[in-house]
Amino acid sequence: MSDAALVFGRLFPRIARLSVAVSPSLIRWTLRLVTLLLFVAATAVGVNVGMNAPEIAPTSVVHDDRVASPDP
Amino acid sequence: MVVLVYLGAALAVLQGFVGSGLPIQFGASLVSHITGMAAGYGAATMLILMSRAPWLERDVGAHRLARWHAWAGPLVIMLTVVHAIAAVVAWAGATSSDFVGASMGVLNVPGLLTASVGTVILVLIGFSSVRALRRRISYERWHFLHLLTYLAVGLGFAHQLAGPDLAGRRWLQIAWALLYTYAFALVLRWRVFQPLFQLWRHRLRVEQVRQEAPNVMSVLMSGQHLDELRAEPGQFFRWRFLTRETWRSAYPFSLSAPPTRNLLRITIKARGAGTRRLFAIPRGTLVFAEGPYGALTRRRRRRPRVLLIAGGVGITPMRTLFEEIDLPGKDVTLVYRASKEQDLVLKRELDEIAERSGARVVYLVGPSSDAKNDMSAHALNRIVGDLSDHDVYLCGSPRLASRVRDSLMLGGFPRHQLHEERFSF
């Protein structure tokens, strides 16, 4: 196992103690919130990547003109 | 959902036609455009289907998802390879160069070197899944290779966005990017975050390892708040035991006893070096569990009677269903097939359940050539009476499962009354 995993394993009992006290409904709502945030982040990343994607395909010169051409 | 998937595929292919330019010219360029779009769409769809999202696992079922994966995976790899070859041929035609020269030219295009590396990884994964090769490599190695799919798909993403079918079409690029970010978000949520959360919340640890039969043992695990997992009889988890030797691989095993608030039990048969190592897991080992998965539950039942069919260690989900299915005992029959008497795992428990509930258990032991071990639809009908009045739950080796399934289908048994789970890889 990696060192990070072993360190996590040593710390685990301390972190795990927190899990006992939390109520199931708080856990459920936290998980829903995490899911929502994850998809908000995925939307932001997706839109950003799409907006900044290239406008001209590097291969389009060859495809359209049927001539050899170095990439732009 | 199937309609949506096909509609998306049709749109991707259509965009391949549009992207190749009008008027449409048939040739390598067109093939490259269409296969490229179809492969890109297929790769994202595969990620979503295998994301372990609960709505997919519950409503579609792990068995059907695995079947789709086994069918569509090779298709996506094939489309990717055809796309690459057709692109090089088109490039060679356009630049009047030979295949090798065109290949070098293509590799110099930004984003295409990484995409090519991704394609090579996909091809390797495809080879590792070919049946003849798959038998020769361990589950652990195959599993690791399969995880590289994420890397391969990621490496091809930049090329897809910059490809001639999407470049310059801003809304399509955004939609395509969202398809991939959502697919990866689903994977992150359900295959990474959920098991980590469950490790933290439930603190699952090995409590006891007990021998059940030669090469078969049960692992009893204790934890906190296990009722919150909402695991049902018949379901399975992917278990990763956190020891130095075993943490790398996740194994799918069904619960072999109804789950309780603080205990879970699985029963494992040693099939290779990896599963054999599990026999030596020390007490107290932390367990990283993905799940519960699988639709082989009592919720699938539609008919008034149930026939459970198990082969070998496939008895594990059937053992829990046999105890927990919500029917009077007289309407439940379990047929349990094994080669030898000592291979009948959990027999004592099955007999106890049968005695307590009034359900029937039929053991078919010995060579399959023996007429008394016949598992055809005709023979099953003889065992239970009116087979068409039953839901059939099936779990066994691929050979046994396909034999029973084929016979049932040939005998006109309704497909929707057959529920099965397979764990072969």
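Colleague: Leaving aside neighbours within four places in sequence, what is B:Tyr393 in contact with?

Modeller: B:Leu296, B:Val306, B:Leu308, B:Ile309, B:Met318, B:Leu321 and B:His419. Contact means C-beta atoms, placed from the backbone, within 7 Å. Mind that this is a predicted model: local features need pLDDT of at least 70, side-chain atom pairs count only at pLDDT 80 or more, and totals for chains, interfaces and linings use all residues. Residues are numbered from 1 along each chain as its sequence is written, and chains are lettered from A and ligands numbered from 1 in the order in which they are written.

Colleague: Which residues have the most contacts inside the largest nonpolar core?

Modeller: B:Tyr393 is one of them, along with B:Trp239, B:Leu308, B:Ile309, B:Met318, B:Phe322 and B:Leu334. That core has 62 residues. A nonpolar core is a set of buried Ala, Val, Leu, Ile, Met, Phe, Trp, Tyr and Cys residues joined through C-beta atoms within 7 Å. Buried means 20 or more other C-beta atoms within 10 Å of the residue's own, again placed from the backbone; exposed means 12 or fewer, and partly exposed is in between.

Colleague: How many residues touch across domains 2 and 3 of chain B?

Modeller: 15 from domain 2 contact 14 from domain 3. On the domain 2 side, strand 5 of chain B gives the most, with 3 residues. Strands here are DSSP E runs of at least two residues, and helices are H or I runs of at least four, numbered from the N terminus. By class, that side has 9 nonpolar, 4 polar and 2 charged residues. Nonpolar is Ala, Val, Leu, Ile, Met, Phe, Trp, Tyr, Cys and Pro; charged is Asp, Glu, Lys and Arg; the others, Gly among them, are polar.

Colleague: New topic. In what order do the 3 strands of the open sheet in chain B run?

Modeller: 4-3-6, with antiparallel pairing. Pairing takes at least two DSSP bridges between two strands. Strands 4 and 6 of chain B are the edges. Strand 3 of chain B is joined to strand 4 by 4 bridges, and B:Phe237 has B:Phe253 as its bridge partner.

Colleague: And how many helices and strands has chain A?

Modeller: 3 helices and 0 strands. Buried residues make up 12% of its 72 residues.

Conventions
Contact = placed C-beta atoms within 7 Å.
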